[in-house]
Amino acid sequence: MDDAPSPPVLWRGDGADQVGIARRARRRTLAGHHVRVHGLGPVGVAAAEAAARGGADAVSLAGSREAPAAPVARLLARIAPGTRIHLDTARRVDGSIVAAYGSVAPALAHRLLLDGPHVAALADESGVSILPVRAGAGACLRCHALLRTDRDPAWPVLARQCEALTEQADPLTATVAGGLAVASLAALLENRPARPWRIEHGLPRRTAVPPHPACGCGAA
Ligand SMILES: [Zn+2]
């Protein structure tokens with residue numbers, strides 16, 4: 001499906017018209033899809049907003065005591081009145097985005113892997129890492145955690161503490177990260193390639209996250 005705006009008709013000056021100035025690219029879209037966003041810190045809110053603006057039929061919001069879903073639901077209702085908003089984690093969705101500080105709790109990571117395509121937006125003090133996951137086709141969130149543990153044996157202890165925290169990011173980085181997370185999920189839902197990104201000071205760069213041989217996800 002194509003949700004791109006219609007190109008302008010331009011006059012060439014020689015009596016001929018021209019439609020637009022470039023060959024039209026097929027746009028990724030969330031139309032027809034139900035998306036869930038876990039974690040509603042600044043990156044999660046930016047992702048929820050991008051999903052609603054990106055044409056998702058429905059957006060489910062999974063908040064927390066510190067970052068509740070209700071204010072975000074009101075925001076989405078205002079900017080995308082045609083999008084259905086749900087405040088539950090039980091309803092079946094087509095794809096998920098999880099925004100977290102540093103690490104996603106293993107139980108949620110496992111559930112996301114079973115449920116389908118998902119994208120993690122992992123914030124830290126200097127930026128946000130975006131990791132799109134299609135089960136068995138590339139690194140999963142457990143691969144990511146195992147790689148991190150290879151570099152720092154204390155990571156499992158640190159990660160456990162991170163699970164209780166809400167992500168935070170500067171507004172520009174959060175906006176770019178939320179948009180990239182949604183665009184990556186749209187690519188996954190259309191079976192197109194989606195690669196990891198790192199965003200710092202609002203600027204994205206491509207990164208690589210190899211599957212970990214000790215993870216049982218089957219991607220290695
Ligand atoms: Zn894995």
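**Helix and sheet packing in a predicted model**

Helix 3 (106–115) lies across strand 3, strand 6 and strand 7, and runs at about 160° to strand 6. This is a predicted model, in which local features need pLDDT of at least 70 and side-chain atom pairs count only at pLDDT 80 or more, while totals for chains, interfaces and linings use all residues. Residues are numbered from 1 along each chain as its sequence is written. Helices (H or I, at least four residues) and strands (E, at least two) are DSSP runs numbered from the N terminus, and angles run from 0 to 180 degrees between N-to-C directions, with axes being lines fitted to C-alpha atoms, for helices over the stretch in contact.

- Eight strands form an open sheet of mixed pairing in the order 5-4-3-6-7-8-9-10, where two strands pair if DSSP finds at least two bridges between them.
- The edges are strand 5 (84–86) and strand 10, each of which pairs on one side only, and neighbouring strands of this sheet are turned by 20° against each other on average, direction ignored.
- Strand 4 and strand 5 pair in the parallel sense over three bridges, and S60 has H86 in strand 5 as its bridge partner.
- Helix 1 packs on the sheet, touching strand 3 (34–38), strand 4, strand 6 (95–101), strand 7 and strand 8, and its direction makes about 170° with that of strand 3.

**The hairpin of strand 9 and strand 10**

- Strand 9 (residues 197–200) and strand 10 (residues 203–206) run antiparallel and are joined by four bridges, with L203 in strand 10 as the bridge partner of E200.
- Two residues stand between the strands of this hairpin, in which H201 takes a positive phi near 50°.

**Helix 1 and its partner helices**

- Helix 1 (residues 42–53) packs with helix 2 (residues 70–79) at an angle of about 30°, their axes being 10 Å apart; these two helices are therefore roughly parallel to each other, a class that takes in angles under 35 degrees.
- V45, A48, E49, A52 and R53 of helix 1 make this contact with V72, L75, L76 and I79 of helix 2, two residues being in contact if their C-beta atoms, placed from the backbone, lie within 7 Å.
- The residues of the contact of helix 1 with helix 2 divide into seven nonpolar, no polar and two charged; Ala, Val, Leu, Ile, Met, Phe, Trp, Tyr, Cys and Pro count as nonpolar, Asp, Glu, Lys and Arg as charged, and the others, Gly among them, as polar.
- The axes of helix 1 and helix 6 (residues 171–189) come within 7 Å and cross at roughly 45°, so helix 1 and helix 6 are oblique to each other, the class left once angles under 35, over 145 and from 65 to 115 degrees are set aside.
- By class, the contact of helix 1 with helix 6 has eleven nonpolar, three polar and one charged residues.

**Buried positions**

- A69, found in the loop between strand 4 (58–62) and helix 2, is buried, with 21 other C-beta atoms within 10 Å; a residue is buried if 20 or more such atoms lie within 10 Å of its own, exposed if 12 or fewer, and partly exposed in between.
- Leaving aside its neighbours within four places in sequence, A69 is in contact with L40, L61, A62, G63 and L87.
- In helix 4 (residues 141–151) the buried residues are L141, R142, C143, H144 and A145, and they pack against helix 3, strand 7 (118–123), strand 8 (128–133) and helix 5 (155–162).
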